[in-house]
Each structure stands twice: as structure tokens, then as C-alpha cells.
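Open the structure in your viewer and keep the selection tool at hand. The stops below say what to select next and what is there.

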Amino acid sequence: MADIGVIGGSGLYDLDLLQEVETVTPSTPYGDPSGPITVGTMAGHRVAFVARHGSGHRLLPSEVPYRANIFALRALGVRQIFAISAVGSLAERYTPGTLVVPDQLVDRTKGIRAGTFFGDGVVGHVPMADPYCSRLRKDLLSTGVTDGATYCCIEGPQFSTRAESNLYRSWGLDLIGMTAVPEAALAREAQLCYASLALVTDYDCWHDSAASVTVDLVAQTMRANLNAAREVLTTAITQADPDVRCTCHTSLTSAVMTDPALIPDETRTRLGLSSWQPQH
Ligand SMILES: [Zn+2]
């Protein structure tokens, strides 16, 4: 039904750029996605859109059904995902209003999110050295947005203390948000290309001359820059190749440790391992 997925973050709750729209509500082995998935045509592609926090923004970052969202998109045929998110800036150069394509990720969540499709008797370890698809990042970067930043994912829902913000800065982290973990890792386990477009909305709370982050500040900057984000997304989707072959699509080839004879067929299908043969 769709070849490209878009996960909308704070401020992006629908994709009015889609035409010939239909709405689907798939159920998954991991429960329901964040909300109905809108499927429509855009720039020659069939695009599936889901609002990460649900319509009306009702799901905390810790409550988002990340596995159901990724599973449902894959079940619709999606092989590449653009994820949009609002982030705070931990570095002077990422000014509010900047659109950034992160290239690295640090997990500061608290381990309470379901973060893998493995388990229940099947052990797998996917490579995450480069957590974002380099090919899909190029589609976003072709629009001239800022290249490269390390995204620090915190649990939330509270914003950071000033001491935490300064600690992350001392580690060289650039952006702070609450949703890239486990979304990026789940996309990798689902063998999907995944790249993120981050809209900087504030300077978190470390900056001496800027107001500390509030929900009002995030929403205000988001509204002011939403059209720019939509333009970048449109251009990136226009350039995306529907028939692309990418290393992301074979990320499980050398990832599974479990004896293949012990993996039930149902589990193979659920994990996307139907055609998988062990490499060792
Ligand atoms: Zn890829």
C-alpha cells in the first residue's frame, strides 16, 4: 500500500500534502499504533503517515507504541521512514528554527520502553554504529538543511535540569529530544531505512541569554517553521527511490544468534526473517 513512511512528531499531526487519501487502522502483535495511519499519494509515492503522539497529542514519549508503529508501517509495505521531531539545542550553532539531520544517537532513557522485536526465545543484535540510514539522510540533506548532530534521547516527560543540560553539553551532545530511542533501533531491526529531520525549537535550559524551554516556546517555534519542514520533507520524498536496495534491508543477515531450528515459523514471519538463512 505504501513505500515510504512518515512519523510526525510534536506539531506535525497530519500530512495535508497527501492526495487520494485513505485511513487504515492496522492492529499488530504489539498492539495498536499511535493512531490511524493515513495513506496517500505524494510526489509519485504512496506515503503512510502516523502521528507519533496520536491525534490531539495524547501519548507521552514513554507511552508511544514504537513497536506497533514500526510494525504497522512495515506491514503496509513501507521500506524507508522519515521521522520528524522537535528537539532542543545543546550547542550554540544549532539555533532555534534550524532543521537538522542527526547522524548519531545517545540513549539516556531509563529502560522502561519496549526497545526490541527480539526476545521470547530469539536473540538478535543488529549493528547500530550508524543509527540512521546514510542513503536516506542524503535525500534530506539535498535540501540544504544542517548535516550531522548527535541526538541525546532522554526519558522525559520533564525537560532537563540545568545540571543535566550542561552535563550533556560537556559530553559533546548537540540535540536533546525524547523519541529517537527506541524508534531508530526498531526500524533497523525491522530492516527499514530510517532517517530523522529534527526541528530545533529552543536552547533547552543551559543558554544564559535565551529563555528556558517551555511547551509554549516549543509550539511557537514549531508553528513558525512547520512550512519549511514540510518543504524539506516533500523534496526528500520526491527524490526517494521506491525500488531502492539498501544495506538496512538486510540488517538481520548476520544478527541472529539463536539456532534456526528453534525459531518457530510464526516468529520468523513476525520478525521479517521468513527468507533468512543463517550465515554461520
Ligand atoms: Zn537504508
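Select Cys246 to begin: cysteine 246 counts as buried because its relative accessible area is 13%, where buried means under 20% relative accessible area, exposed over 50% and partly exposed in between, with a 1.4 Å probe and protein chains only. Cysteine 248, at 5%, is buried too. This is a predicted model, in which local features need pLDDT of at least 70 and side-chain atom pairs count only at pLDDT 80 or more, while totals for chains, interfaces and linings use all residues. Residues are numbered from 1 along each chain as its sequence is written, and side-chain values use heavy atoms, with hydrogens and water left out.

Which residues coordinate the zinc ion? They are Cys133, Cys193, Cys246 and Cys248, each through its SG atom, at 2.2 to 2.3 Å. Donors here are N, O and S atoms within 2.8 Å of the metal (3.2 Å for Na, K and Ca); water is not among the atoms, so sites may look incomplete. The 4 donor atoms subtend angles of 104 to 113 degrees around the zinc ion, so the arrangement is tetrahedral (for four donors, all angles between 85 and 135 degrees). Along the sequence, the spacing of the donor residues is C-x59-C-x52-C-x1-C.

Arginine 52 sits in the loop between β4 (45-51) and α1 (66-75); helices (H or I, at least four residues) and strands (E, at least two) are DSSP runs, numbered from the N terminus. Arginine 52 is buried because its relative accessibility is 2%.

Move to Ser85, in strand β5 (residues 80-89). Serine 85 is likewise buried, at 4% relative accessibility. Not counting residues up to four places away in sequence, serine 85 touches Arg52, Tyr151, Thr179, Ser196, Leu197, Ala198 and Leu199, contact meaning heavy atoms within 4.5 Å.

Finish at Thr150, in strand β9 (residues 150-154). Is threonine 150 buried or exposed? Threonine 150 is buried, with a relative accessible area of 17%. Its contacts beyond four places in sequence include Asp103, Gln104 and Leu173.

Key:
Four donors count as tetrahedral if all angles lie between 85 and 135 degrees; four count as square planar and six as octahedral if opposite donors are over 155 degrees apart and all others between 65 and 115; anything else is irregular.
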